[in-house]
Amino acid sequence: MVEPEFRRFDTRALHAGQHPDPSTGSRAVPIHQTTSYVFDSVDHAAGLYNLETSGHIYSRISNPTVAVLEERIASLEGGVGAVCTASGMAALHLAVATLLNSGDHIVASRNIYGGAFILMNHTLPRFGITTTFVDPRDPEEFAKAIQKNTRLIFAETLGNPGIEVLDIDAVSDVAHAAGLPLCVDSTFCTPYLINPIEHGADIITHSATKFLGGHGIAIGGVVVDGGRFDWDASGKFPTLTEPYEGYHNITFTEEFGPAALSMRARAEGLKDFGACMSPANAFYLLQGVETLPLRMAKHVENTKQVIEMLDNHDAVQWIKHPDHPSHPDHDLAKRLYPKGAGAILSFGVKGGRDAGRKFIDNVSLASHLANVGDAKTLVIHPGSTTHQQMSDEDLETAGISEDLVRVSVGLEDADDICSDLSKALRASQR
Amino acid sequence: MLFSLNKKQVHGATGAVSFEGRSEPIVVLIHGAGMDRSVWSQQTRFLAHHGFRALAVDLPEHGHSEGPALESVAELAKWIVDLADYFGESLHLVGHSMGALVALHTAGYHKNSVSSVSLLGVGASMPVHPELQEAADANDVKAAQLITSWGHSTRHHLGNNPTPGLSMTGGTQALIESASSGVLGIDLMACATYDGALGSAEQIECPILFLLGAEDKMTPRKTAQPLIDTVSSSKSVIDLPETGHMVMIEEPDRVRQELLTHMSN
């Protein structure tokens, strides 16, 4: 039987989007630390500015180093294109700003990163875009919340910090039945654990700062265009289906077909809002992506051992991770995440807020900071940090209790991670 | 651009440049099996701003053109002739793969309708692997995967797209997946059953350009040679190293320039 032949994931993580530099032979992706690019002629310049020809103009719009990262992530996710941004939040903003206008509406999971919640609940309304938040575990809630002016369904593949597992297939069915695209943030998963496009997602955002980069050294984000959503048939997205005066009345779906979203996001959102990724950060993030399969395999393996340790520790009240049998999404996680449902978990320390604080103050190997997806193990108390702007009611709705501690399991020896967390737990009970 | 041809709606991309009030020659870009106008996204807008009225057309039942799909190369060629009649002038034709056979047949047998012809990813015959045909007939996504896999050269499977941020293989696969149900199977059958390529080539009197990928697995370079040898009109042959079947995506700059040079002459 004949089968399609593509380079495998691990190979594409190292090579997609790049060939050795033709002028120098550089094997690694060079850092093109330059703002601008020489035009061959006036006609060439005019063609680039008019989207007639391909190439680089100015690094706010595109940059050769950043372009390698974009193409690599697009390849790993199975999308038609990607646009890198200054941060994960900039990626979410770019996706929203490319598709929505004032007066439009979003239906979003209520269990999302605190920054994304604040953007949708407080900041976007200033620009006329409102959001209804729903339980990500109930696709029917998404359906019921859709209004006439809804233009986007948004959720995280794995929620933050409760690690709710999104049934991407079911929620994408709801979205598509309403003529809407599903945008998922897959920061916690990376394309190593799941390709959301295969399950019906239309747009993927990542904070590349986290597991994609993997070393806590560079901020960045990316929007991946799945290329499968029929913007014309939907009829709800004039930014893609009607002439855009900003580029001599180009209609992005007419000219670029499946790549309409990524072309518009770059030509308008990146150019006009300016939240581009720096070439140096793209270089750092590329180093991370090259070892993504190795690191993610180790992350999820270590996570399994940490879960086992916590499961048997007297000071642990509860554990939230989809690989744990007590998690309400355990069966769904087994279907969607056969390699493991990520390396972020949360647990409750017996003794509530004070015990949680003692635990944080007594870890020595793990680092107390506001990030996830580092090579090093990280811990945080979301109620007093990342989600502190949320009201008590919103915290409860988002499933963030006072005793909740979030752990981003790193790549240290699993025994050392377990030992450190175990000692801090014992200290929390004194 | 939307217009009516034979009482059916036709859609095409014009590089956002209206045909109204313009008198430049018309170039019609004809896509391959299961694809649509957007496969020419790197050429249409350029040609529309370089002395041509450019129309990357959606063939019937493709993209946003009304169906039904036409089932043979000869029928598709007749449709192109109707297009020329609609505009009231002869056309520069640019065709890729199945579209190249359509352009070739039109140029061979409907001489008054064609000013020049440019063929990309073409062979004297286009047999279709039976498992590809079977997958296409079944609307199996595997058909899109096979064409994407075979359609790009080894080098371009890894990308390095001149258009920043776009994935070549990802774009090709999504495009074919977007085809209407059954269309890819009809197109592939039209390619496989067409046996008039050499006969058309014999008849051609207009200038002809061949843009051929050295690593084309769908229409291997050697299968184009009988066509090249048969054509007696003015001809140019451009061989593109490390390039597969999706010539206009893998080498957009070169294709743009070669088309412009050919048609301007």
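## Basis

In this predicted model, local features need pLDDT of at least 70 and side-chain atom pairs count only at pLDDT 80 or more, while totals for chains, interfaces and linings use all residues. Residues are numbered from 1 along each chain as its sequence is written, chains are lettered from A in the order in which they are written, and side-chain values use heavy atoms, with hydrogens and water left out.

## Interface of chains A and B

Chain A gives 48 residues to the contact and chain B gives 46, where contact means heavy atoms within 4.5 Å. About 3700 Å² is buried between the two chains, 53% of it from carbon and sulfur atoms; buried area is the accessible area (1.4 Å probe) lost on putting two parts together, summed over both.

Two salt bridges cross the interface, a salt bridge being a side-chain nitrogen of Lys or Arg within 4 Å of a carboxyl oxygen of Asp or Glu. Arg228(A) and Glu177(B) form a salt bridge at 3.0 Å, N to O.

## Largest pocket

A pocket is an open set of points on a 1 Å grid over the protein atoms alone, where a 1.4 Å probe fits, with protein on both sides within 12 Å along at least five of seven lines; lining residues have an atom within 4 Å of a point. The largest pocket is lined by 39 residues, and those nearest its centre are His56(A), Asn160(B), Asn161(B), Pro162(B) and Asp253(B). Its volume is about 1100 Å³, taken as the space filled by probe spheres set on the points, which are joined across faces, edges and corners.
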